[in-house]
Amino acid sequence: LRPERHQQFQKLSINPDIISDMVFRNHKEDVTDIEGNFIFQGKLTTAVEVPTNEAFRKFDKELKTYFDLGYGASEMGGSTSLAIGFVMTTYRKLASSSVMAIKSALNKRLAKLQGYIEEENLEAVSDDERYIGELLERKDYIKSQTEFFEGEIVLLKNLLEYAEQLAQHDNKLKHFTENIIDKILANNPQEKVLIFSEYRNTQLYLQNALQKRYGNDSVSLINGSMTFQERREAIDTFESTGRFLISTEAGGEGINLQRSCHIMVNYDLPWNPQRIEQRIGRCHRYGQKHDVVVVNFVDRSNEADRRVYELLEQKFQLFNGVFGAS
């Protein structure tokens, strides 16, 4: 449209500010039809903080020690230093999601060090960013069976013991079921709830908890390992007889639930704020008849993700109304 600006556009990477007068972004809340009527329903976003307990504090303290030693090893140099740092960051994300997600990863790490497991072949897994969460929790980026630092095996065993205790007294899961889900259903027993997590282990953890509380037929899952037909069947079940649909990032690709659901809970938050918008877009889209309610589950007491949330809150300022008030 503006051929005279072609040369300037080629230098976009050097001067990104020029994009501001080339691209216009409208928030859904501002979009109207030709008669001035708003097309999209409103969006109500809130952040719910997770209460802590003694089991969590013990596990968190031991996990912080593990991260400190791991990151320290990654700064020592050598062929595996970058990979160690990457593994520590992955574990930090898993710990932010659920005790079951990090417990599974630590179990796998210990089994690898003790020679009990071999690397899983994941060559066919997509490198699409939406699949990253599911890929990271399954893939082992360290081929060596050598400890990251002296005493890692002992520390892993201690961590797994604390993780088992935490799993028996998981305040995050308890608060999720009793103070979020129960209250939603108290207002409307027929309400349907979309729940997001980046990781399959967290997804299965939530499925087990919700099925015990509300029945085996109440929960459907969609994730990146399922075929399109399997996802479609899970969505159909959710929209007809189900109460809860638990989706991973990859599983939620392209699903449209605006005609059956207007409440969404982020059990964990991805580090990319655009992913939050995309999750919300599963319900907050054309055809939705209700205000969309978004609940972001936040655990600021967790050493593993406190800094992450601080960074997210800064980024969320770019995405109006995504994060919600504490």
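# Charges, rings and cores in a predicted model

In this predicted model, Arg-109 lies over the face of Phe-148, at 3.6 Å from the ring centre.

Colleague: How many salt bridges does the count come to?

Modeller: The rule asks for a side-chain nitrogen of Lys or Arg within 4 Å of a carboxyl oxygen of Asp or Glu. The pair of Lys-174 and Glu-178, at 3.0 Å from N to O, is a salt bridge. By this rule the count comes to 10.

Colleague: Are Lys-174 and Glu-178 buried or partly exposed, and by what separation in the helix are they related?

Modeller: Lys-174 has a relative accessibility of 45% and counts as partly exposed, while Glu-178, with a relative accessible area of 31%, is partly exposed too. Because the two residues are four residues apart in helix 7 (residues 171-187), the separation of Lys-174 and Glu-178 is about one helical turn.

Colleague: Which residues are linked with Arg-232 in a network of salt bridges?

Modeller: Arg-232 and Asp-236 meet through their side chains in a salt bridge of 3.2 Å, N to O, and they are four residues apart in helix 9 (residues 228-240), hence separated by about one helical turn. Arg-232 is partly exposed with a relative accessible area of 32%, and Asp-236 counts as partly exposed at 39%. The residues linked with Arg-232 in the network are Asp-236 and Glu-239.

Colleague: How many residues does the largest nonpolar core have?

Modeller: In soluble globular proteins, nonpolar side chains tend to be buried together. Here the residues with the most contacts inside the largest core are Tyr-66, Tyr-91, Phe-176, Ile-181, Ile-195, Leu-210 and Phe-244. Apart from this core lies another, of 18 residues, with Phe-196, Ile-222, Ile-235 and Val-294 among them. The largest nonpolar core has 54 residues.

Colleague: What is the geometry of the ring pair formed by Phe-176 and Tyr-267?

Modeller: Phe-176 touches several residues beyond four places away in sequence, including Val-265, Tyr-267 and Phe-297, and both Phe-176 and Tyr-267 are buried. Phe-176 lies in helix 7 and Tyr-267 in the loop between strand 5 (263-266) and helix 10 (273-280), so the pair ties together parts that are 91 residues apart in sequence. Since the ring centres are 5.1 Å apart and the planes stand at 85 degrees, the pair of Phe-176 and Tyr-267 is edge-to-face.

Colleague: How is the pair of Tyr-267 and Phe-297 classed?

Modeller: This pair also links distant parts of the chain, with Phe-297 in strand 6 (residues 292-298), 30 residues apart from Tyr-267, and both residues are buried. The ring centres are 5.6 Å apart and the planes lie at 55 degrees, so the pair of Tyr-267 and Phe-297 is tilted.

Colleague: Over the face of which ring does Arg-92 lie?

Modeller: The structure holds seven aromatic pairs, and ring pairs link Tyr-66, Phe-67, Tyr-91 and Phe-149 into a cluster. Arg-92 is placed at 4.9 Å from the centre of one of these rings, that of Phe-67.

How values were computed
Residues are numbered from 1 along each chain as its sequence is written. This is a predicted model: local features need pLDDT of at least 70, side-chain atom pairs count only at pLDDT 80 or more; totals for chains, interfaces and linings use all residues. Side-chain values use heavy atoms; hydrogens and water are left out. Buried means under 20% relative accessible area, exposed over 50%, partly exposed in between (1.4 Å probe, protein chains only). A nonpolar core is a set of buried Ala, Val, Leu, Ile, Met, Phe, Trp, Tyr and Cys residues joined through side-chain atoms within 4.5 Å. Contact means heavy atoms within 4.5 Å. Rings of Phe, Tyr and Trp (its six-membered ring) pair if their centres lie within 6.5 Å; planes under 30 degrees apart count as stacked, over 60 as edge-to-face and the rest as tilted. A charge sits over a ring if NZ of Lys or CZ of Arg is within 6 Å of the ring centre and within 35 degrees of the ring normal.
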